[in-house]
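Keep the 3D view open as you read.

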Amino acid sequence: MPFELISDMIPAGDQPAAIDKLVSNLNAGHNKQVLLGVTGSGKTFTIANVIQKTQLPTLIISHNKTLAGQLYQEFKELFPKNKVSYFVSYYDYYQPESYLPASDTYIAKEVEINDLIDKLRLETTSNLFSGPDNIVIASVSCIYNVGDPRNFSGRTLNLKIGDLWNRRTLFESLVSLYYTRSEMEFKRAQFRVRGDTVEIWPAYADWLIALDFDTANKIKKIIQRNPFSGTEFNLSDFILYPAKQFVGGQGADLKTIFKKIRSDCQKQMTIFKSQNKILEAHRLEQRVEYDLEMLSELGYVNGIENYSIYFEPERIAGSPPYTLVDYFHHLWGDNFLTVIDESHVTVPQIGGMFLGDLSRKTNLVNFGFRLLSAFDNRPLKWAEFYSRIPKVIYASATPAPFEINDTRHSALDAEPKIIEQIIRPTGLIDPPVTVKPSTGQIPDLISEIQKRVDHQERTLVLTLTKKMAEELSGFLSKTFKTAYLHADIETLDRSDILDKLRGGDFDVLVGINLLREGLDLPEVSLVAILDAGLPGFLRSRSSLIQIMGRASRHLNGQVILYADTVSDAMRGAISEVNRRRIIQLKYNQDHHLIPTSIIKSIRPRLIENPVKDIAVSPLLDLDISSLTPTMRQTHIKKLRKEMRTAAFVLDFELAIKIRDKIREVEVL
């Protein structure tokens with residue numbers, strides 16, 4: 001069905017002009033644009049309107065999972081009748097394989113996969129084949145190898161009422177799609193038999209499919225059923241997609257593949273021996289033979305992705321891998337839209353992924369831990385990614401020079417395609433900026449915070465170092481309800497802290513670099529930046545503008561910069577804020593608009609954070625020496641379950657403690 005935007009809101013302020021300009025530019029062939037939208041101007045709603053007007057399948061890329069989750073929830077609310085998908089890395093815990101030559105330390109790959117995110121990723125690729133009304137919210141995970149979309153779409157099972165199926169043939173077809181048979185516990189990616197009924201639980205769904213057969217082995221009924229509520233729908237047909245994203249080509253000859261792998265191994269060993277690297281040659285031979293034996297017996301081995309190119313005969317060494325972006329190309333050619341959210345951060349992040357991956361794998365290959373084929377399982381290079389995104393909107397309050405220059409239609413086109421969205425629908429203007437000396441900054445800061453507390457408003461304080469943030473947080477906590485936000489706090493716990501700030505459990509939040517893009521805190525009326533004049537990334541023009549924007553959602557918003565000298569970055573940021581304030585004030589005067597603070601409820605989280613201490617502590621404290629061998633195995637299963645739960649909520653510290661406990665039990 002076509003995209004249908006459903007919302008009580010209507011475009012206001014700069015939004016109507018921005019929407020019309022973005023759409024007209026796309027229709028005119030200007031495929032690279034910048035949406036320069038100030039904080040609180042409703043960039044998400046603008047993009048939603050562009051999607052509805054252009055009816056383009058859309059890929060939206062965010063630079064972290066938390067912001068991607070927020071966008072996913074927002075777009076699901078705006079497009080409830082269409083397919084909105086969430087595609088981020090499915091690792092709760094990820095320790096990549098690596099080798100440190102300086103200390104001769106090999107670190108094996110160790111992962112814990114989040115089952116919910118795995119389901120959402122499979123739901124994404126399955127949704128894409130069901131029609132063009134698709135919006136995918138992704139992290140930079142979208143530039144990593146997921147296999148050829150042609151293989152994924154070609155490995156489907158088409159089921160229709162009246163089809164004749166031999167039971168064995170049906171089961172073999174399901175197994176070829178990586179579904180397993182289960183007669184006990186029934187869960188995603190499994191099927192089971194109940195008399196004349198075969199039930200299949202798609203790997204990407206919260207419901208199951210029941211196939212009722214008659215005595216002649218014809219399908220007489222296809223039922224979609226909720227396994228918990230029992231709600232049912234009758235279907236005339238159904239397409240089942242694979243239970244894994246990476247699907248090798250059909251009819252892959254394992255003997256031929258193994259022969260090729262061994263041949264490449266021998267070539268690499270010959271090179272090692274010619275360089276007198278006997279240890280590396282022996283190590284590589286052992287690794288490859290072990291992996292091939294595991295593949296032959298089990299069909300899987302830890303690190304199988306390093307052999308992926310052998311299972312994709314159409315790919316040649318050095319060629320880019322197939323990624324989520326290739327799914328869009330495979331289905332719609334160049335006729336889809338890519339939105340890069342917070343582009344000033346996301347673009348450099350995408351550009352840096354390849355070199356980081358290359359550096360790690362170079363050591364693995366050079367020291368005999370991996371074949372050269374490991375290099376072919378990699379993220380896209382920037383040029384490869386850029387060539388795959390024909391229509392792009394860079395969305396940012398502070399676009400970088402690259403994004404601005406990229407919007408020029410040709411070398412002769414002097415004017416970049418920048419669509420400004422400076423007017424907020426609420427009429428709020430950018431907060432005034434005051435510069436105060438560093439001398440006596442703490443007493444002055446306490447006085448300013450007290451003013452906000454008296455009016456039940458909140459304050460953000462930005463420092464330059466972790467140590468200063470800790471000390472300042474401790475000092476302020478003597479007077480105010482204070483929290484400290486830093487990188488060591490898990491992502492979901494950060495969300496809890498921010499929600500508590502909004503709810504009034506905290507008056508002040510102290511941080512370093514996390515109080516920037518994507519924080520939606522309407523209750524914050526003061527942003528105080530210490531050491532604002534010092535040079536560096538944390539006090540660049542772009543960073544300062546982003547930080548200042550956190551106070552722009554409140555009617556009484558104000559920014560205080562504590563500095564002894566006004567740096568060029570400060571001067572540039574203040575100048576830009578003042579430019580925007582002039583435009584906003586004039587608009588309000590011309591339209592007799594009275595500014596109002598943004599009122600927004602606290603949104604339920606995408607993933608709830610379960611209580612974990614009550615269940616885990618007894619398991620960790622148990623005297624394992626008293627357990628029988630059978631009891632130890634049961635205990636290990638419980639620990640593994642709790643480890644996955646801890647990793648699921650991004651509590652990696654607890655997950656590591658449980659992992660160490662598991663190893664302790666296993667050696668007994």
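Predicted model: local features only at pLDDT ≥ 70, side-chain atom pairs only at ≥ 80, totals over all residues.

Residues are numbered from 1 along each chain as its sequence is written, and side-chain values use heavy atoms, with hydrogens and water left out.

Helices (H or I, at least four residues) and strands (E, at least two) are DSSP runs, numbered from the N terminus. Please find helix 6, residues 167–176, whose buried residues are L170, F171, S173 and L174. Because these residues cover an arc of only 160 degrees around the axis, they lie on the same side of helix 6; the arc is that of the directions from the helix axis to the C-beta atoms. Buried here means under 20% relative accessible area, exposed means over 50%, and partly exposed is in between (1.4 Å probe, protein chains only).

What do the buried residues of helix 6 pack against? Their partners are strand 9 (157–160), strand 10 (180–181), strand 11 (190–194), strand 12 (197–201), strand 13 (208–213) and strand 16 (237–240), where contact means heavy atoms within 4.5 Å. Just after the helix, Y178 takes a positive phi of about 70 degrees.

Now for the rings. Rings of Phe, Tyr and Trp (its six-membered ring) pair if their centres lie within 6.5 Å; planes under 30 degrees apart count as stacked, over 60 as edge-to-face and the rest as tilted. The count comes to 23 aromatic pairs. F129 and Y241 are stacked, because their ring centres are 5.9 Å apart and their planes are at 25 degrees. This pair links distant parts of the chain, 112 residues apart: F129 is in the loop between helix 4 (115–128) and strand 8 (134–138), and Y241 in the loop between strand 16 and helix 7 (254–274). Y241 is buried, with a relative accessible area of 10%. Both rings also belong to a cluster that ring pairs form from F129, F152, Y204, Y241 and Y327.

Finally, look for charges over rings, which require NZ of Lys or CZ of Arg within 6 Å of the ring centre and within 35 degrees of the ring normal. R121 lies over the face of F87, 4.2 Å from the ring centre. The charged end of R167 sits over the ring of F213, 5.5 Å from its centre.
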